[in-house]
Each structure stands twice: as structure tokens, then as C-alpha cells.
Amino acid sequence: MEDLAEAAIAHAVRLGAEFADLRMESAVGTNIVVMDGRTKSLTALRESGCGIRAFMGGAWGFAVTNSLTKGGLKEAASSAVGMAKVAQAKAKTKFRIGEIRPVKANEKYPCKERPSDVAMEDKVRFVLALDKDMSRKDARVTSTNAKYDDAEIARVVANSFGTLVRSDEVWTIGACSAFARSDGVMQRGHAAFGSVGGYELMRTNDAVGLGDEAASQALRLLDSKPVPAGKFTVVLDNKMTGMLAHEAFGHACEADAIVSGSSVLEGLLGKKVADERISLVDDPKVENTFGYFSIDWEGVRAKKHVLIENGVLRGYMHNIETSSRMGVEPNGASRAQSYSGTPIIRMSNTYIGNGDRSKDEIISDLMDGLLIQGAQYGYVEPAKGQFMFKCDEAHRIKKGEVGERYRDASISGLILEVLNNVVAVGSDFMLGDPGYCGKSGQSARTTDGGPHLCLSNMVVGGLA
Amino acid sequence: MADLAELARKTVDMVMKLGPSDCDVFASDSRFVTAEIEKGSMKQSSAANDPGVGIRVFVRGCSGYSFCTGFNPATVRQVARAAVAQARAGTEDPDFKGLPKREAIPRMDGLYDPKIAKLQPDDIVEAAIQLADIAGNDKRVTSVNASAAVGIGEAVLANSNGILASQKMTGFELSAEAVARSDESMFSGVDGGWSRRFEPEMSAGVGKNALEHAIMGLKSAKMETGDFPVILDPLAAGFVLGMAVGGGVNAESIQRKRSYLTDQLGKTIGSELFSVTDDPTLRWATGSYSFDGEGVAAKRRKIVDRGVLKSFMYDSYTAGKEGRKSTGNSSRGGSVWSYRRPPSISPSNLVIASGDSSVEEMIRETREGVYLRLTYDYPNLVTGEFSGLMMESYRIAKGELGPSIRQATVGMHLIDMYKNVDMVGKSPRFVFGVKTPALRVSKAKIGGSR
């Protein structure tokens with residue numbers, strides 16, 4: 001693959017590209033879905049292809065091919081340069097891609113047991129067992145879903161600065177959803193566990209306990225009410241603090257949102273944007289996480305991205321283009337879902353750092369508010385400065401005591417206000433569940449987390 | 001271009017020799033061209049070819065699926081063996097009663113625009129520039145991000161019951177984000193357009209909407225918590241109803257009692273003004289097809305008729321389980337189909353029946369309430385509860401549209417929402433796969449920050 005990659009890049013440069021890069025992949029993977037005790041679908045994928053980018057005078061051309069031959073790649077390189085010429089002719093903003101030091105490396109993701117070496121029957125048995133753990137938990141669990149995914153991707157990244165990186169990526173993830181019914185009330189519980197790594201992860205207690213965790217949550221929620229709507233002081237658990245870090249601030253710190261003029265954080269570098277107890281980081285190099293990588297999809301070595309330090313906005317996440325345009329070093333935040341997508345700036349493991357209060361102190365100090373637990377999903381529009389995230393369950397806190405249980409609710413806030421409304425920062429840092437972040441039609445594996453965090457003036461969207 | 005029909009037919013024969021009871025083979029060859037504008041400047045032009053084959057087999061009722069990129073015969077054989085091995089590793093499923101039988105597929109117009117096949121990358125670039133120029137035509141707009149994209153593909157489906165069907169499909173999509181700033185505020189207006197036809201003239205409406213809403217949003221207000229009537233712009237109605245109705249009537253969820261609409265068939269779930277049809281025959285709509293993802297002929301079907309729930313959506317598996325026929329709602333995803341996933345149940349194009357009110361009348365008669373233009377929240381399809389951020393919304397006071405509301409949420413039970421529809425707009429838009437007018441819901445819970 002490496003020889004083909006270098007030849008294709010050389011061809012793009014010969015045709016006039018000022019800069020060219022590519023991602024060539026060969027991937028295998030498995031997806032298993034079990035519903036109500038039976039396998040519902042079993043999928044095996046086998047993909048290969050290459051995406052080539054050419055840059056000329058402020059614009060990019062991009063072409064994709066599935067033909068990993070010298071001829072196929074040459075054709076794709078020509079197409080990428082042709083597309084770049086079309087775009088360049090109409091580009092009003094001209095800029096260059098500043099030269100960076102090439103990286104030559106072989107990156108191997110940690111893996112003890114390659115998923116492709118594990119018999120399909122063993123994987124199916126594992127997923128059936130997760131499913132059974134849910135259904136046998138309680139007669140009120142009436143329907144169940146258990147799921148398993150793995151991927152092994154051999155990727156070559158090459159560019160015209162001489163970078164040539166070979167990555168052998170492998171990850172596995174298991175997930176469960178349980179549906180419980182009682183007296184006409186229906187509720188859902190879910191749990192997921194996964195990371196970069198091989199099938200050995202699915203043999204851990206974290207993985208084999210997923211069914212029980214999902215079923216327990218569904219059963220708990222049978223005894224819950226819709227959350228009241230309005231403005232509240234909230235205590236976020238570790239998972240929700242992570243989602244806040246990701247949605248409320250992380251996306252607005254992606255430098256592509258800055259150069260496109262669509263982030264409320266544009267021009268605020270070095271300014272105070274949060275309470276001084278807040279530090280917010282995105283770090284791809286945290287090992288044993290779903291968001292892990294050590295070299296990004298442009299062949300840049302990943303660095304820890306310190307976004308907020310003691311309340312001050314310190315930096316953005318960059319790709320080669322934004323770092324060049326903004327005059328900083330690239331910090332390795334660029335990723336593509338597959339060879340068929342252009343690399344874009346993505347978060348990895350995003351978290352808020354520890355404070356000095358215990359979870360119990362935070363709760364006992366709160367006279368009236370909500371404890372918000374378990375992250376479902378969230379989204380943000382950095383140009384509107386608004387975000388929301390949805391929890392699995394919530395509890396009323398009154399006079400320092402945790403009381404009545406509520407079910408899923410959406411919590412919303414304003415990017416420039418939320419982290420100035422900090423009441424307390426916990427000291428119980430923990431990374432949360434694996435998840436996927438969607439952006440520009442591409443999905444990226446991520447993890448986020450933090451300590452318990454108490455915030456005032458959050459708007460909770462409820463039905464009551 | 002490869003002879004996909006021949007490839008699919010021969011692959012079915014080859015797969016069946018490996019011993020499954022049933023199989024279908026989906027082959028497609030697609031091409032996509034995209035142009036993206038960043039901050040008013042042409043930024044990227046892309047071209048991608050995506051040929052591939054997806055093979056689904058059944059062994060003792062258990063389904064195995066595998067796919068590969070390209071049409072290399074040796075790889076396709078490998079994929080066939082992988083699919084059979086997958087299915088053999090699974091559990092027996094007596095509920096599988098077979099794949100659809102061959103039937104006449106009526107010829108349908110409005111799926112394929114030959115003009116798209118002739119377009120050059122420059123044409124797509126021009127469409128994006130035209131859109132950005134319209135969206136940025138105001139000095140308060142400080143940035144415009146926009147894109148235009150076309151897709152073209154041939155999709156061929158063959159199965160072990162003798163189905164061999166093909167259809168050509170095209171798609172065209174525009175999206176725009178205008179960012180406006182004032183001394184004290186920043187806001188963005190977004191809009192999009194979707195069609196199977198190349199319609200660069202959609203730019204006029206999409207660009208104007210993005211521009212107007214960026215400016216309108218600069219003036220902001222907070223909202224108090226309480227019950228208010230809410231007018232759903234077609235953009236909000238399309239996003240919420242696509243999932244709320246489309247997901248709620250999925251027969252898989254109904255049979256497993258995971259949907260809030262379980263046990264509601266034949267019952268009143270909405271007001272007299274609320275009717276929904278699933279219509280795969282809608283000309284030039286991006287969800288249209290002449291046959292579904294399993295080869296069942298497309299058919300329009302009433303889902304909700306004047307508030308009464310009339311039908312669920314079935315594929316061959318869920319239909320077989322109840323001894324009935326598939327409703328033709330098996331999807332292979334997107335305006336141009338993909339071989340990368342096994343088929344699953346999905347609406348084609350949902351059509352919400354239009355009424356006779358103008359949006360101006362709806363605002364005037366609302367007096368005090370909220371106009372919700374945009375939310376990206378998912379309803380909880382198990383409980384039927386919906387709560388979400390009003391990403392773009394406006395206060396209605398004294399019958400007039402006022403400032404944009406910041407940091408406020410909307411919540412309601414979906415059945416209450418359908419039952420409380422008391423005014424329906426007369427000008428529908430096709431957004432997020434749903435053709436819908438504006439709808440007024442007489443009561444929803446607004447969570448505000450005031």
C-alpha cells in the first residue's frame with residue numbers, strides 16, 4: 001500500500017497540486033444484533049479504497065476510488081487535482097498550506113486478541129448472553145437488544161511533505177438496550193462499553209455486566225415521573241459533565257468553526273470564558289479509551305489539547321489547514337470516518353478536570369435542584385451559541401437530600417454563560433461511556449467525562 | 001459501467017449453491033459530486049465513485065449480511081461465503097417466512113433526472129456560489145457557509161424468488177448557513193433544499209431563508225416557563241414528525257412492544273386536522289422509489305387519517321410474522337441507495353396533510369405563544385415523550401412575531417401533540433424527507449430561562 005500511496009501523491013504534485021495527501025484503507029469488521037433472544041442480523045464488512053486531496057491556492061479537490069491499483073490511484077489523483085482547479089478558479093480567499101515536518105511511523109493500536117481471529121460463534125454466544133442477562137433480570141423486562149461491533153482497519157496516510165504513516169487500528173464495542181413494562185408504563189435502559197483494543201475487552205467484567213446494567217436502569221425508570229420544566233441549579237454526574245464538555249465547549253473550540261466564522265469563541269483566545277475552577281481538555285492519547293489515537297488522519301502526531309485552563313480560553317483543535325492559516329503548530333485533531341470522507345477536526349477524549357469538592361458535599365450543599373445522570377446524546381450550533389444534551393434519568397435534590405426520580409430530559413445552556421455559572425467542581429474525575437460524535441455527515445468514536453459538577457441557571461426541558 | 005443486473009442475477013445463483021434457504025443481492029454503482037463554500041469562498045470540490053455489492057442470506061430464518069466495495073468476482077464470492085457463515089452462526093428464527101415474491105413493478109417517473117448525469121463539477125460549484133451569494137446579501141452577515149451536492153446511481157436488486165429489478169436514482173441537495181453579527185449579538189440562519197431533480201433555482205428560497213433568519217435571530221429575548229401554543233415551522237415539524245411518526249409506526253417496534261403507538265391501531269391519536277400518508281410515488285421527492293429495498297412495488301398508504309391511526313410500516317420479515325404482505329417500507333437508505341447496510345424499515349416520504357391557514361393567520365390568531373423554527377431533538381419513541389431545545393424560535397406577542405428566544409426548551413407527549421394540532425398551514429415544504437406545512441399545537445410546555 002505504501003508504494004502505491006507515494007506514487008499517487010507524486011502524480012498529484014506533478015499535475016500541479018501545491019499540497020496533496022491521501023488515506024488508503026483496507027478494513028474488515030463485524031456487527032451482531034440480537035433481539036429478544038434471537039440473532040436479528042449478523043453483518044461482515046470488507047472495504048477498501050482511497051481518498052485523495054489536492055490543494056491549490058486556497059481550495060481543495062477531493063476524489064475517492066475503490067480501485068487500489070496504480071492506474072486507479074493515478075486516475076483518482078488526476079480527478080482530485082481537476083476538482084481543485086475547478087474550486088481554485090472560484091476561491092475568493094487565497095492562502096497556503098505551510099510546510100510541516102514529515103512523519104514516518106508505524107502505529108499499532110493495542111490489541112491482545114484480534115477480533116478476526118475470534119470465531120463468529122463465540123461472538124454470537126457473547127451477545128446472546130448479554131441479551132439473556134436482560135430478559136432474566138425481571139419479568140417486567142419485555143424486550144431486549146444486545147449489540148456488538150468490531151473493526152480492524154489498516155490505513156496508510158501519505159502527503160507531499162513526505163509523511164508516510166501506517167496505522168493498524170482496532171476497536172470493539174458492546175451495547176445493550178432493555179425495555180421494561182409495568183401497569184401500561186414503558187421505559188428503556190441502555191449501557192455500552194468499548195475502547196480501542198481487541199476482543200479481550202469483551203471478556204472483562206465491564207462488558208459482561210452490560211445486560212444487567214441496562215435492565216436495571218429500565219426497571220428503575222418504571223418508577224419515575226416526567227421532569228419538571230424550567231430553570232434549575234443542576235448537579236451533573238461524570239457522564240453528563242463529559243457531555244457538557246463535548247457539546248457546550250468542545251465543538252466551539254474546533255478551529256474549522258473558527259476559520260469559517262461560525263463559532264461564538266472566535267477572537268476570545270486568552271480571554272476568560274469560564275469560572276477559574278474550570279479546565280477543559282481534549283486528549284486523544286488517553287489510553288484504553290474509545291476516543292484514543294496517537295497519530296491523526298493527516299499523519300500528525302496527536303497532542304493533548306488544552307482548551308480552557310483555569311477559566312481562560314487557551315487553544316483550539318487544529319488540522320494542517322487551520323494551523324497553517326492561524327500560524328500555530330498542528331496538534332493532530334483531524335480525522336475521517338473512512339477513506340471516502342475528507343478529514344475534519346474532531347474531538348477525541350474530552351473532559352473537565354478535577355475540582356476540590358466531593359460528590360456528597362456538592363449534593364448536601366444544594367437546597368433545591370436536580371441531580372442529572374447518564375448521557376444519551378447532545379448537539380450544539382456554535383454560531384447560535386446554544387447547546388443541549390439529554391440525560392437518562394434525574395433526581396430532585398431538596399435540602400441536600402436526593403429524592404424523587406425523573407426520566408429522560410433535555411438540558412440546555414448558552415456556550416458563553418454556562419461555565420461562568422459554576423457552583424462547585426467535584427473531585428471524583430472519571431471518563432464516561434464510549435460514544436459516537438456526528439459532524440458533517442461523518443461519525444467519530446469519542447469518550448468524554450469529568451467530575452460531578454454543579455451549575456446554576458440551566459434550563460431543563462420537561463413535560464411537567 | 002458493469003452490467004449490474006447480470007452481476008446480481010448470477011450472484012444469486014452462486015450464493016444459493018452455498019446452501020441458504022433465501023437470499024437477496026443488491027448491487028449499486030453511484031457517483032457523488034459536492035461543492036462547499038466556507039466563509040463566502042469556494043473551499044472544496046469533491047467527486048466520489050461508490051460501486052459495491054451487498055448480499056443477504058437466510059439460514060434457518062437467521063439473516064447474515066456482508067458487503068464489499070467494487071465488483072471483483074473473487075471478492076464477491078468471498079462476501080457470499082462470509083454472509084452464509086454469518087447466518088450459520090446465528091439462532092433459528094421461525095418468524096422468517098420468506099422474501100418477497102416477484103411482482104409487476106410499475107414504471108415511475110420522478111426518480112431520475114438525466115440532467116444530473118450531464119453536469120460538470122463547475123455546474124455544482126456555480127450552484128453553491130449562487131446559494132452563498134443570496135444567503136450573504138446583507139452587510140450584517142459576516143460569514144456564509146454553503147454546499148451543493150448531487151448523487152446519481154443505479155440500484156439493482158435480485159432475490160432467490162426471481163425478483164430482478166433495477167432503478168436509476170438521482171439526488172440534489174443544497175444547504176446554507178448565514179452568520180450575522182451585531183454589536184451585542186451573533187446568530188445563524190440555516191436552511192436546506194432536497195430534490196431528486198437538479199433545481200438550482202431552489203437557491204432563491206433556501207438562501208433567503210438562511211439570510212432572513214440570521215438577521216431575525218440577532219434580536220433576542222428570554223422566555224418564562226409555562227404552557228403556550230406553539231407553531232411548528234415546516235423545518236421543525238419535518239424533523240420531529242419524521243422520527244415521531246416514521247419511527248413510531250415501525251412494525252418491528254410495534255411487534256416487540258417498544259413503541260408508544262403499540263395497541264393504538266384504529267384509535268384516535270390526533271386531531272381531525274392531523275393526517276399522514278407515506279408516499280414513495282411522490283415525484284422528485286428524495287425518498288421515492290418504484291420498488292423498496294426488498295423489491296416490493298411502491299404504494300402510497302394512509303398512516304393517520306383525520307387523527308385515526310390506520311397502518312404500521314412493514315418489511316417482509318415483520319409482515320411474515322403476522323401473515324400479511326409487506327407495505328413496501330424496506331429501505332436501503334438515502335436518496336441514492338447504498339449497499340453498506342442490510343435493509344431496514346423506514347418511511348419513504350411522509351406527507352402531512354395541508355390545511356387552509358397562512359402562517360401569518362396562524363401567528364395572528366395565536367396572540368401569545370412561540371414560533372419554533374428549528375430543533376434537532378429526538379422523541380423518546382418508547383414513552384412517546386418529547387423534550388428538546390428550541391434551537392431557533394421566536395416569541396409571539398399580541399399576534400405578532402417577536403424576538404428570537406434563547407435557551408428555552410419545548411416538551412410534550414407526542415400523542416398530545418397530534419391531538420392538539422388545531423391549525424394547519426396551506427404551504428407545505430419538503431424537508432428532512434417529510435412534506436409538511438406549518439402546524440399549530442395549542443399547548444406545549446415551554447421551559448424558559450427567565
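At what angle do the axes of helix 1 of chain A and helix 2 of chain A cross, and within what distance do they come?

Modeller: This is a predicted model, in which local features need pLDDT of at least 70 and side-chain atom pairs count only at pLDDT 80 or more, while totals for chains, interfaces and linings use all residues. Residues are numbered from 1 along each chain as its sequence is written, and chains are lettered from A and ligands numbered from 1 in the order in which they are written.

Two packed helices are described by the angle between their axes and the distance between the axes. The axes of helix 1 and helix 2 of chain A cross at roughly 35° and come within 9 Å. Here axes are lines fitted to C-alpha atoms, for helices over the stretch in contact, and angles run from 0 to 180 degrees between N-to-C directions. Helices (H or I, at least four residues) and strands (E, at least two) are DSSP runs, numbered from the N terminus. The crossing of helix 1 and helix 2 of chain A is right-handed, that is, the near helix is turned clockwise from the far one by less than a right angle.

On the side of helix 1 of chain A, the contact is made by Leu4(A), Ala7(A), Ala8(A), His11(A) and Ala12(A). Helix 2 of chain A contributes Lys70(A), Leu73(A), Lys74(A), Ala76(A), Ala77(A), Ala80(A) and Val81(A). Two residues are in contact if their C-beta atoms, placed from the backbone, lie within 7 Å. The residues of this contact divide into nine nonpolar, one polar and two charged; Ala, Val, Leu, Ile, Met, Phe, Trp, Tyr, Cys and Pro count as nonpolar, Asp, Glu, Lys and Arg as charged, and the others, Gly among them, as polar.

The buried residues of helix 1 of chain A are Ala5(A), Ala8(A), Ile9(A), His11(A) and Ala12(A). Seen down the axis of helix 1 of chain A, these residues fall within an arc of 160°, so they line one face of the helix; the arc is that of the directions from the helix axis to the C-beta atoms. What covers them includes helix 2 (70-90) and strand 1 (19-35) of chain A. The face turned away from the buried side of helix 1 of chain A carries the exposed residues Glu2(A), Asp3(A) and Arg14(A). A residue is buried if 20 or more other C-beta atoms lie within 10 Å of its own, exposed if 12 or fewer, and partly exposed in between, with C-beta atoms placed from the backbone.

Helix 1 of chain A is followed by Gly16(A), whose phi is positive, near 120°.
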